[in-house]
Amino acid sequence: MFQLRLCLLLFLSSIVSLQAQQPKTYNSSEIYEAVQKLNVLGSVLYIAAHPDDENTRLISYMSNQVKARTAYLSLTRGDGGQNLIGPEIRELLGVIRTQELLGARRVDGGEQRFSRANDFGYSKHPDETLEIWNEDEVLADVVWAIRKFKPDVIINRFDHRRAGQTHGHHTASAILSLKAFDITNDASKYPSQLTLTETWQPKRLFYNTSWWRYGSQEAFDKLDKSNMLSFDIGTYYSSKGKSNNEIAALASSQHLSQGFGRLSQRGSQDEYIEFLKGESLNSSDNIFEGIDTSWNRVAGGKVIGDILKKIETNFNFKNPASHLPQLLEAYKLLQIIKDEHWKTIKTKELKTIIEACAGLYLEVSANTPNAAPNADVTLNMEVVNRSTANIDLVSYNLSTLSTGISKKMTLASNHKLNFEEGITIPSHSNYTTPYWLNTKSTLGMYTVKDQSLIGLPETPRTVFVDFNLLIEGTPINFTKPVIYRYSKPDKGELYRPFEIIPIVSASLSDEVYIFENDQQKEIEVSVKAGKDNIDGFVQMAYPKGWQVVPEKQNIKISNKGDIQKVMFTVIPPKNQSEGLITPMVNIEGEFYTDEIMEIDYAHIPFQTVLMPSESKVVRLNIKTEGTNIGYIEGAGDVVPESLRQIGYHVTIIKPAQISPENLDDFDAIVVGIRAYNIVEDLIFKQRFLLDYVKEGGNLIIQYNTNRGIKVDNLAPFDMQVSRDRVTDENALVTILDPNHPILNFPNKIGAQDFDGWVQERGLYFPDKWSKEFTPLLAFNDIGENSKEGALLVAKYGKGNYIYTGLSFFREFPAGVPGAYRLFANLLSAGKQEYNPPKN
Ligand SMILES: [Zn+2]
């Protein structure tokens, strides 16, 4: 089932991939729609917490039916979620989900904004969320987004009155939206923003409600809806050949890393928004009531509106270029209006329409996908006028040069021109990487010092070309970022953004190196050249008490893109210790310490992310008993690799191989996370696992979600999995049975073993179990009852059955010593004479 769904997602991703990469060109219908939108001066800002929270039906409706300028402000980039399509988690997943949001907006016609809030994982209450986020900074960012975007109307996805009933990030997004609504027009609030923008007062604030908010469709039907507006978001767009709902489904399906590929819907469907704040209204479907959303809204706009309305009414689908003289007239008039906000927005829209009507094709392609500072790059420019309009290429400006290059030539109809220019990447260029990852983040916040970058979905491109044209005698310029165009025999034409990379980067083979005793380990460093002829050496930075030999390894790489691997020997200290090691590559006296991560999926543009190259080294004070571990994989975790690191021999047991003979030899069998939710075979194989325990085996089952468990008997005795979780990774731990062998053999487990845990203690703990089970640990989040189901042990026959919702799968890759010590004890259960707990 899971496999099938993944195939479906991958199939879907190949359909939508073209839009992610290719420069957009417009057909007549799209130009006409752009003209319609040009004539609407109204805007809507939709606010929620995560990528995939947004209601694409409503965003698409506002953008395509109402023709409003519509944006989605997602407070986070979704770093804390799970990734269904690849290994990226945390920051890298945030980069993927940022691009998926941009992909969704390309489909539904919206724009995308963010705040600096970091998605730190599940949060039960907005109070906790706002404490871990810096509430004042996130509120400042919401205010900033509103002051910059200047929405007439704000729509919250979540209900601010539901604290504790949904993800804390969700409620917090609504709470902050309400607070911001009241202060964005107050110049005394966040005054430093006002050097870059102005105060702004949105007219109204709504909450995008739904029947599920009221428990059932029936309850919702009975509700007094006098303070709600409704829209039929099933409307059909003949110019697109699609209904609004179909577009919304395509937009949602961009969230492939979340497994959001979904079926489209057709037919009439109502969507509701509840009025919360601002100027009251009489209409049942006009959110802009009392706001003039025509060109009359801006001083000097009426004459522009008159010209553009005529184009809209008499649009020439056969020859859109026939509108160029009027469009250019409107363009000239627009340049002299005083309202800078609308001037900027509408100039951009109008230029796109002029470019599309003229059938202009302007492209700048580099001869390489990336280059380091000081490198020489050849740019190939393609310029074609595919209309009969009179167009001259006056000059072009390369962003890397201070003076323009004069051309003075007429662009004959459909006559392609190519120009080649050699450029040198400036020595002071910033590397291409997501701006919010440039500085170390905290658990709750990204650090962004440059106010003008805050909220932007991506880092602005620094290598581009400005084409200066005369269209029907009117000077107008078009800016094109440099791209890399190439082809693959099995994929056709492909595009990548052009990127600036360091001359050299280095990476370590593992994120964590665990030393289970004082034996030294060999570790591998890969050095990649960002230019030809790299010559230097690598040194390691390492924590006090540790040793690394040799002191340096020489590096010599002839070709850009090639990798050289070198080995270092790491010698741990005698006692428990942890720290970071970093490879430092020295080229001509300068040290380079970054690693380049490349993210390459068909449904999003290619991404390059620079991160500090560092790995954790941990010297554990650990004893182990037994060596042979069998592992039955679930939804995927790195527990097998982690156990191998501390010296266990781990064999992956395929579900089909689970049989009494195959289980016999193992000292312990471990079942991966959510295995009972996704592995069909366990329905038939569970009895072999329980028999294995009965005969003296040791079975450790990690967490499963409480919905859709495929077996009736997860355990040999009654036990019920609940949604109980403890999200505070520092929650105080009570050891319920300090004398229990599992907490004493072979490692004595104490409070210090629960220090330094990450993200959470655990999840989906059982909340009911029969007397055969002994609970060993208890903890709770603030304000909640103690949870005792995180680690349950039962003697069954001659063996041991252990069920644990502790998040070992998160703690191992983070190198948390106590998690390793405790797990070693679970694996050793029964290796020592078992003393049943005294009741
Ligand atoms: Zn969410």
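Predicted model: local features only at pLDDT ≥ 70, side-chain atom pairs only at ≥ 80, totals over all residues.
Residues are numbered from 1 along each chain as its sequence is written, and side-chain values use heavy atoms, with hydrogens and water left out. Local features need pLDDT of at least 70 and side-chain atom pairs count only at pLDDT 80 or more, while totals for chains, interfaces and linings use all residues.

**Zinc site**

Three protein atoms lie 2.1 Å from the zinc ion as donors: His50 (ND1), Asp53 (OD) and His170 (NE2). Donors are N, O and S atoms within 2.8 Å of the metal (3.2 Å for Na, K and Ca); water is not among the atoms, so sites may look incomplete. The spacing of the donor residues in sequence is H-x2-D-x116-H. Asp53 sits in the loop between β1 (43–48) and α3 (56–65) and His170 in helix α7 (residues 168–183), so this pair ties together parts 117 residues apart in sequence. Helices (H or I, at least four residues) and strands (E, at least two) are DSSP runs, numbered from the N terminus. Asp53 counts as buried at 8% relative accessibility, and His170 counts as buried at 12%. Buried means under 20% relative accessible area, with a 1.4 Å probe and protein chains only.

**Gln99**

Gln99 belongs to helix α4 (residues 90–108) and is buried, its relative accessible area being 3%. Neighbours within four places in sequence aside, Gln99 is in contact (heavy atoms within 4.5 Å) with Arg106, Glu458, Ile604, Pro605 and Gln607.

**Cavities**

The structure holds two cavities of 30 Å³ or more. A cavity is a set of points, on a 1 Å grid over the protein atoms alone, where a 1.4 Å probe fits but cannot get out; lining residues have an atom within 4 Å of a point. A volume is the space filled by probe spheres set on the points.

| Cavity | Volume | Lining by class |
|---|---|---|
| Largest | about 70 Å³ | five nonpolar, four polar, one charged |

Of the ten residues lining the largest cavity, Pro741, Ile742, Ser828, Ala829 and Gly830 lie nearest its centre. The lining of the second largest cavity includes Arg77, Arg116, Tyr435 and Trp436.

**Nonpolar cores**

A nonpolar core is a set of buried Ala, Val, Leu, Ile, Met, Phe, Trp, Tyr and Cys residues joined through side-chain atoms within 4.5 Å. The largest has 78 residues, of which Leu643, Tyr801 and Phe823 touch the most other members. Helix α18 (residues 817–827) supplies the largest share of this core, seven residues. Another core, of 58 residues, lies apart from it and includes Tyr331 and Leu411.

Methods. Buried < 20%, exposed > 50% of the residue type's maximum accessible area, 1.4 Å probe, protein only. 1 Å grid on protein atoms, 1.4 Å probe; cavity = no way out; pocket = protein on both sides within 12 Å on 5 of 7 lines; lining within 4 Å. Nonpolar A, V, L, I, M, F, W, Y, C, P; charged D, E, K, R; others polar.
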